[in-house]
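Please examine the sequence and the three-dimensional structure shown here. The briefing that accompanies them is arranged by topic.

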Amino acid sequence: MQDHLDILSRAVDHWTNKDRPVSSAITAPELEKILNVSLSEKGCSPEELERAIHDYLNYSPDVSRPDFFKLLYSGVNTPALLGDWITSLTNATMHTYQVGPVSTLMELELIRQWNQLIGFQDGEGVMVSGGSQANLIGMMLARHHAVPDSKTKGLQGKTLVAYVSDQAHYSNQRSVNVLGIGTDNLVAVESDQEGRIKPSALEAEIEKSLAQGHIPFYIGLTAGTTVLGAYDPVKPCSEIAKKHNIWVHIDGAWGAPVLFSEKHRHLIADCHLVDSFAWDAHKLMNVPLTAAVVLVNHTGALRACTSGGGGEYLFHQDANAQYNLGERSIQCGRRADALKVWLSWKAIGNQGFAKKIDYLQDIKTRCVEMVQQNDSFEMLAPAAYLNVLFRYVPKTSMSEDEIGELNKAICKTMVAEGGAYIDYANYKGKYGIRLILANEQITPEHLEKLLNECERYGNQFDDA
Ligand SMILES: Cc1ncc(COP(=O)(O)O)c(C=O)c1O
């Protein structure tokens with residue numbers, strides 16, 4: 001064990017004391033030629049293992065850096081990292097209290113806190129592998145609500161229809177596929193210019209389904225869409241849902257942490273009105289992957305929907321039976337993700353997360369101002385949250401496709417030349433540069449440098 005701890009300690013030094021670009025732009029075929037990842041009959045020495053670890057680190061993008069603008073998380077949450085290591089040390093699993101006693105109590109406390117932030121009066125929940133699974137469970141609960149015997153008998157020829165906005169995450173497609181709803185029965189409802197679902201369009205789609213004899217069963221709202229960071233309006237959609245007895249779920253995988261902030265929680269106003277809620281701690285809260293939860297405003301619903309199937313060998317009816325979280329989960333073995341979330345929440349408190357949100361919203365506002373004050377750029381849509389989607393506007397006349405290609409080239413070249421890690425995205429037919437401002441270490445100087453670089457590459461390709 002000590003040998004491996006020494007390797008770990010040197011790996012941490014190697015990772016934190018490096019001087020290299022935020023990411024390596026190497027392609028998979030090139031990397032395959034450089035690295036030997038083959039396994040063999042015979043084992044190897046600890047030195048060989050350490051070399052492999054260094055290779056692993058050298059070719060991994062450094063998501064902790066303020067010039068990593070690509071994904072929905074950036075930075076490092078050290079109490080959570082510590083928790084991740086301790087979790088592996090104990091290697092507990094979360095199906096029963098017996099094997100994860102402290103992590104069970106921590107998970108229950110986290111669930112209480114999350115429910116309180118949302119305002120669920122009758123809240124329960126369970127930690128899951130990510131927002132995708134949280135959305136899947138939300139839809140599974142909705143199916144159970146609409147057709148309770150679907151658990152035992154299947155859909156029996158009924159056509160159930162789910163509604164999300166045309167900006168919703170692709171995990172919704174996966175959910176209708178897994179649950180036997182069918183991808184044709186997932187309706188992408190039109191969104192407005194700010195990327196929010198249009199309640200009138202939602203209502204019209206529901207009426208259309210009803211006229212066809214189908215069963216509308218699920219409305220999936222998004223709090224913080226992936227590309228734009230838009231927040232769907234909760235109240236009008238939940239009123240529509242109420243009329244038709246439809247389950248409403250909020251996908252807050254990315255945008256839920258605004259609930260920590262007094263100043264910005266209005267973005268998900270009325271979220272207590274819905275039935276279930278997805279929240280990723282491995283995005284803005286920066287807990288190492290994976291850490292997420294599905295929260296439900298109907299105590300007992302998770303167990304009613306997921307339990308059964310011969311788990312008696314595991315779930316004994318003893319004094320701890322109420323604490324066996326596995327009975328409300330679709331997983332058996334489940335990593336004790338609660339510890340790392342709990343440690344970081346304990347370390348900085350609700351106020352620590354609120355401070356982060358408030359700081360990053362200020363940085364976002366500054367970034368938008370810089371974009372708007374520069375004639376070389378234009379915003380593609382307003383930035384409600386921490387996604388800034390803008391593009392370089394060429395001086396020469398170009399088609400929409402050519403402008404898109406130019407903006408993609410800015411991102412690709414910046415990464416290839418060892419600059420900031422940025423990416424492009426398409427919003428309503430236009431390609432732009434998508435910045436995610438998730439790292440508290442980002443300063444106005446970082447933004448200035450980044451935008452200067454975008455302009456420099458843009459001018460270069462514009463003149464070419
Ligand atoms: C809005 C939204 N929902 C769900 C997901 C999926 O979350 P996960 O990657 O944790 O499965 C994402 C991922 O980016 C997302 O942006």
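The points below treat the surface, the sheet, the backbone and the salt bridges in turn.

This is a predicted model, in which local features need pLDDT of at least 70 and side-chain atom pairs count only at pLDDT 80 or more, while totals for chains, interfaces and linings use all residues. Residues are numbered from 1 along each chain as its sequence is written, and side-chain values use heavy atoms, with hydrogens and water left out. Helices (H or I, at least four residues) and strands (E, at least two) are DSSP runs, numbered from the N terminus.

**The nonpolar surface patch**

- Met1, Leu5, Leu8, Val12, Leu82, Trp85, Ile86 and Leu89 make a nonpolar surface patch of about 760 Å².
- Patches are made of residues with over 30% relative accessible area and no salt bridge, where nonpolar side chains (Val, Leu, Ile, Met, Phe, Trp, Tyr) are joined within 5 Å and like charges within 9 Å.
- Accessible areas come from the Shrake-Rupley method with a 1.4 Å probe, and for residues only the protein chains shown count as cover.
- Two helices, α1 (2-16) and α4 (78-90), each supply at least two residues of this patch, and α4 gives the largest share, with four residues.
- Leucine 8 lies in helix α1.
- Is leucine 8 buried or partly exposed? Leucine 8 counts as partly exposed because its relative accessibility is 37%; buried means under 20% relative accessible area, exposed over 50%, and partly exposed in between (1.4 Å probe, protein chains only).

**The four-stranded sheet**

- An open sheet is formed by four strands in the order β8-β9-β11-β10, with antiparallel pairing; two strands pair if DSSP finds at least two bridges between them.
- At the edges are β8 (377-379) and β10 (423-427), each of which pairs on one side only.
- From one strand to the next, the twist averages 45°.
- Strand β9 (residues 387-392) pairs with strand β11 (residues 430-436) in the antiparallel sense, over four bridges.
- Asparagine 387 has isoleucine 436, in β11, as its bridge partner.
- Helix α12 (residues 338-372) packs on the sheet and touches β8, β9 and β11, contact meaning heavy atoms within 4.5 Å.
- The direction of α12 makes about 130° with that of β8; axes are lines fitted to C-alpha atoms, for helices over the stretch in contact, and angles run from 0 to 180 degrees between N-to-C directions.

**Backbone features in loops**

- Leucine 289 and threonine 290 are joined by a cis peptide bond, with omega about 0°.
- Threonine 290 is placed in the loop between β6 (276-280) and β7 (292-296).
- Aspartate 270, in the loop between β5 (247-251) and β6, has a phi near 70°, a positive value in a residue other than glycine.
- Because its relative accessible area is 27%, aspartate 270 is partly exposed.
- Lysine 428, in the loop between β10 and β11, has a phi near 50°, also a positive value in a residue other than glycine.
- Lysine 428 is partly exposed, with a relative accessible area of 36%.

**Salt bridges**

- How many salt bridges does the structure hold? There are 22 of them, each being a side-chain nitrogen of Lys or Arg within 4 Å of a carboxyl oxygen of Asp or Glu.
- Aspartate 362 forms a salt bridge with lysine 263, and their closest N and O atoms are 4.0 Å apart.
- This pair links distant parts of the chain, 99 residues apart: aspartate 362 is in helix α12, and lysine 263 is in the loop between β5 and β6.
- Aspartate 362 counts as partly exposed, at 44% relative accessibility.
- Glutamate 405 and lysine 408 form a salt bridge, with the closest N and O atoms 3.1 Å apart.
- Both glutamate 405 and lysine 408 lie in helix α13 (residues 400-416), three residues apart, which is about one turn of the helix.
- Glutamate 405 is partly exposed, with a relative accessible area of 46%, whereas lysine 408 counts as buried at 14% relative accessibility.
- Arginine 456 forms a salt bridge with glutamate 453, the closest N and O atoms being 3.0 Å apart.
- Because arginine 456 and glutamate 453 are three residues apart in helix α14 (residues 444-463), about one helical turn separates them.
- Arginine 456 counts as partly exposed at 40% relative accessibility, and glutamate 453 counts as partly exposed at 24%.
- A network of salt bridges links Asp84, Arg335, Asp337 and Lys340.
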